[in-house]
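Dear colleague,

I am handing over the structure we spoke about, so that you have it to hand while reading. My notes on it come after the structure itself.

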Amino acid sequence: MAWVVACGLYGIVTSRHLVHQIISLIVLQSSTYVLFLSIGFRIGGVAPYFSDIPRDTLTVDPVVQALALTDVVVEAAVTALLLAFAIQAYKRFGTVDPQELRQLRD
Amino acid sequence: MNPAARRWIFLVAAAAMLAFYVWGLAGLPAFGHYRGPYGYLVDHITIHQTHATGVVSAVNFFYRGFDTVGEEFILFIAAVGVATVLRALRDESENGGRGADESGSGRGAAPTSETVRTVALVYTGPVLVMGWFLTTHAQTDPSGGFQGGVVMATAIVLVYLGGEFLVFRRLSPVDVTETVESLGAGGFVMVGVGALATGASYLADVLPLGSPAGAVDASGTIALISFFVGVEVVAAFVLVVNELLEQTLVIRSRS
C-alpha cells in the first residue's frame with residue numbers, strides 16, 4: 001500500500017505530461033482499494049452474498065466493499081473531468097507539460 | 001523553482017508522510033483479523049430487514065442510501081462538467097459531422113480493420129444483456145446499477161468501434177443522453193421522496209419486500225434504486241465518451 005502511494009505521488013510531482021499525471025493520480029487512488037479490501041478481509045471469509053450459502057457463513061466485511069465501490073465510481077468521474085481539462089489545456093496553451101504550463105501563467 | 005529543487009522538497013515531504021503512513025498501517029488490526037462490528041451486524045440483519053441476499057448492494061442502496069445519492073450526483077456533475085469544459089470554443093467550428101473524419105483517418109491513423117469491426121459487433125448484444133442483468137440483479141448477485149451501467153455503456157461504445165461515429169452519435173444525441181441522465185439521477189431522489197410521502201423517513205424501504213428472500217423481485221426499493229442508478233451511469237458514461245470522441249473527430253480549429 002505504502003509503495004503504491006509513493007509511486008503515485010512521485011509520478012504526480014515529476015510528471016512531464018498531463019495524461020501521465022492523471023494516471024499517476026489513479027495509481028495513488030488505487031492504494032485506497034488495497035487498503036479497504038485488506039482491512040475488510042477475514043481469514044476463511046467468503047463473499048457477502050447469501051443467495052446460495054448458509055446465512056451464518058463467515059464473510060468478509062461488506063461495508064468496506066461498498067466503500068470501495070463508491071471509490072471506483074468517484075475515480076472514474078474525476079478521471080473523465082481531468083482528461084477534459086487536459087484537452088482544453090492543450091488547445092489553449094499548445095502543451096501538455098505541467099511544468100511548461102506553470103511558466104506560461106507567470 | 002527548478003525541477004531538481006522541487007524533487008528534493010518532494011522527497012523530504014514524502015519521506016515524512018510515508019513515515020506517518022506506515023505508522024498508521026502498523027496500528028491496523030492484523031491482516032484477516034478485523035473485528036469491526038458493522039460487517040457482522042449487517043451480515044445478520046440484511047436478509048431479515050430487506051430480503052436482499054446481496055449484502056454489498058443492500059449497504060450501498062439502503063443502509064448508506066443517502067451517501068449513494070451524493071455519490072451519484074458526483075458522477076452526474078462530472079459528466080455535466082465534461083460536457084461544459086469540452087463545449088466548442090468560439091474559435092472552433094463544429095462541422096456538424098458532415099466532414100467528420102471517420103475511422104480517424106484525418107489523424108494519420110489506419111482505418112478500423114474488419115476484424116475489429118466484426119468482433120465489436122459480435123460482442124455488442126451479449127455485453128448489453130450482461131449489463132442489463134447486472135443492473136437488475138443488485139439484490140441477489142455481486143452487481144448493481146454502477147457496474148451494470150458501465151457495462152451497458154460499453155455496449156454503446158462497441159457500436160462506435162464496430163461502425164461509425166455518426167451511428168454512435170445518432171444512438172446517443174447529447175440532449176437525449178442528458179435528459180436520460182437527469183431522469184436516472186432524479187429517479188433515485190424521487191424514490192427517497194416517495195418514502196417521505198408515505199410518512200417514513202427519506203429512502204426508507206417502503207415497497208413490499210417480496211418473498212422469498214433472495215428472489216429477484218424481492219428487496220423493495222433496493223432493486224428500483226439500482227435500476228435508476230444504472231440508467232444514470234449509462235447516460236453519464238455515454239455522454240462523456242461522446243464529448244471526448246467529438247473532440248477528436250468533429251471539432252476542428254478554424255486556424
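Predicted model: local features only at pLDDT ≥ 70, side-chain atom pairs only at ≥ 80, totals over all residues.

For chain A the mean pLDDT is 84, with 96% of the residues at 70 or more.

Along the principal axes, the C-alpha atoms of chain A occupy a box of roughly 65 × 25 × 15 Å. Of the 106 residues in chain A, 25% are buried, and of the contacts in this chain between residues at least 6 apart in sequence, 46% link residues at least 24 apart.

Turning to the contact between the two chains, 38 residues of chain A and 41 residues of chain B take part in it. On the side of chain B that touches chain A, two or more residues come from each of helix H1 (3-26), helix H2 (37-50), helix H3 (55-63), helix H4 (65-85) and helix H9 (221-249) of chain B. The most is given by H1(B), which supplies nine residues to that side. By type, the residues on this side of chain B comprise 25 nonpolar, 10 polar and six charged.

The largest nonpolar core has 62 residues, and Ala236(B) and Phe237(B) are those with the most contacts inside it. At least two residues of this core come from each of H2 and helix H3 (62-93) of chain A, and likewise from each of H3, H4, H6, helix H8 (174-197) and H9 of chain B. H9(B) gives the most to this core, with 16 residues.

Leaving aside residues up to four places away in sequence, Phe237(B) touches Gly149(B), Val150(B) and Ala153(B). Helix H6 (residues 145-162) of chain B has 18 residues and spans 25 Å from its first C-alpha to its last, close to the 26 Å expected at 1.5 Å a residue. H6(B) is also mostly covered, with 14 of its 18 residues buried.

With best wishes

Methods: Residues numbered from 1 in each chain as written. Chains lettered and ligands numbered in written order. Buried ≥ 20, exposed ≤ 12 C-beta atoms within 10 Å, placed from the backbone. Contact = placed C-beta atoms within 7 Å. Helix = DSSP H or I, 4+ residues; strand = E, 2+ residues; numbered from the N terminus. Nonpolar A, V, L, I, M, F, W, Y, C, P; charged D, E, K, R; others polar. pLDDT = per-residue confidence, 0-100. Expected span 1.5 Å × (residues − 1). Core = buried A, V, L, I, M, F, W, Y, C linked by C-beta atoms within 7 Å.
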